[in-house]
Amino acid sequence: LVGIGTLLAGVFGGNALAIELVAAQSACVPVGDLPAALADAPLQFVAGQSPDGESRHASLEATIDWSCSLLAPDEAAALTLASVFAGDFCAEDLHAVFGDLFEASALHNTLRTLMERHLLVGSIDASSGGSRRFAMFDAVREFARSRALADSRWAQVQRQHAWHFHR
């Protein structure tokens, strides 16, 4: 069960709704099969019936979608395009990958907003002099990446990402 707890923390970031939905689904799935089921399709695995009737509580995907609907268009676009990062990243990485898509000052405000809304997490990297790093929980990245395919800027961001990290 410790491995499942670690997996839940990484995939869902300790999101209480996600943990509740996983617990409800786990009655039908052997405990040993949970890690594979969660790793394969976390947004689909935790879909269920909302106990309070709120559609945004019916699944983790609905919750993330509702949270994103509260974002300004530029904030939503930044989250979607930041899903190009498989792991953590710093503001400089975003500037390099996003290029001229966002103004530098606006991007810093956007990062703050995304952290306040728990769509990004921030940490301090002591090994690099205390620079701030950002990351998405796997479920948020999966959701954002599914939206990225419809964004006309996605191919450009993917090229910039590849160039930035492989130069």
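This note goes through the helices, the hairpin, the nonpolar core and the salt bridges of a predicted model.

1. Helix H8. This helix covers residues 104–116, and its 13 residues reach 19 Å from the first C-alpha to the last, which is close to the 18 Å expected at 1.5 Å a residue. Its buried residues are Leu-107, Thr-110, Leu-111, Thr-113 and Leu-114. Seen down the axis of H8, these residues fall within an arc of 165°, so they line one face of the helix. The cover over that face includes helix H6 (73–82), helix H7 (91–98) and strand S2 (131–135). After the helix comes His-118, which has a positive phi near 65°.

2. Helix H7. The buried residues here are Ala-91, Asp-93, Leu-94, Val-97 and Phe-98. They span an arc of only 155° around the axis, and therefore sit on the same side of H7. The elements against which they pack are H6, H8, S2 and H10. H7 is followed by Gly-99, and the phi of Gly-99 is positive, near 55°.

3. Leaving out residues up to four places away in sequence, Ala-91 touches His-108, Leu-111 and Phe-134. Of these, Leu-111 is also one of the buried residues of H8. The C-alpha atoms of Ala-91 and Ala-104 are 9.1 Å apart in space, while the two residues are 13 apart in sequence.4. The nonpolar core. The largest nonpolar core has 31 residues, and those with the most contacts inside it are Ile-64, Leu-79, Leu-94, Phe-98 and Leu-119. Helix H5 (60–69), H6, H7, H8, H9 and helix H10 (154–165) each supply at least two residues of this core. Leu-94 and Phe-98 also belong to the buried residues of H7. As a general background to this picture, nonpolar side chains tend to be buried together in soluble globular proteins.

4. Strand S1 (residues 121–125) and S2 run antiparallel and are joined by five bridges. Within this pairing, Gly-122 stands opposite Phe-134 in S2, and Phe-134 is also among the residues that Ala-91 touches. Five residues lie between the strands of the hairpin, in which Gly-129 takes a positive phi near 80°.

5. Salt bridge in H8. The structure holds six salt bridges. One of the salt bridges joins Glu-116 to Arg-112, with the closest N and O atoms 3.7 Å apart. Glu-116 and Arg-112 are four residues apart in helix H8, so about one helical turn separates them. Glu-116 counts as exposed because its relative accessibility is 52%, and exposure begins over 50%. Arg-112, at 45% relative accessibility, counts as partly exposed.

6. The side chains of Arg-141 and Asp-138 meet in a salt bridge, at 3.1 Å from N to O. Both residues lie in helix H9, where Arg-141 and Asp-138 are three residues apart, about one turn of the helix. The general rule is that an α-helix has 3.6 residues a turn, so residues three or four places apart point the same way. Asp-138 is partly exposed, with a relative accessible area of 36%, whereas Arg-141 counts as buried at 10% relative accessibility.

7. Surroundings of Arg-141. Which residues is Arg-141 in contact with, leaving aside its neighbours within four places in sequence? They are Ser-83, Phe-85, Ala-86, Gly-87 and Met-136. Arg-141 itself lies in helix H9, which covers residues 138–148.

8. Further charged groups. Arg-153 and Asp-151 meet through their side chains in a salt bridge of 2.9 Å, N to O. Asp-151 is buried, with a relative accessible area of 17%, while Arg-153 is partly exposed, with a relative accessible area of 25%.

Notes
Residues numbered from 1 in each chain as written. Predicted model: local features only at pLDDT ≥ 70, side-chain atom pairs only at ≥ 80, totals over all residues. Heavy atoms only, no water. Expected span 1.5 Å × (residues − 1). Buried < 20%, exposed > 50% of the residue type's maximum accessible area, 1.4 Å probe, protein only. Arc of directions from axis to C-beta. Contact = heavy atoms within 4.5 Å. Core = buried A, V, L, I, M, F, W, Y, C linked by side-chain atoms within 4.5 Å. Pairing = 2+ DSSP bridges. Salt bridge = Lys/Arg side-chain N within 4 Å of Asp/Glu carboxyl O.
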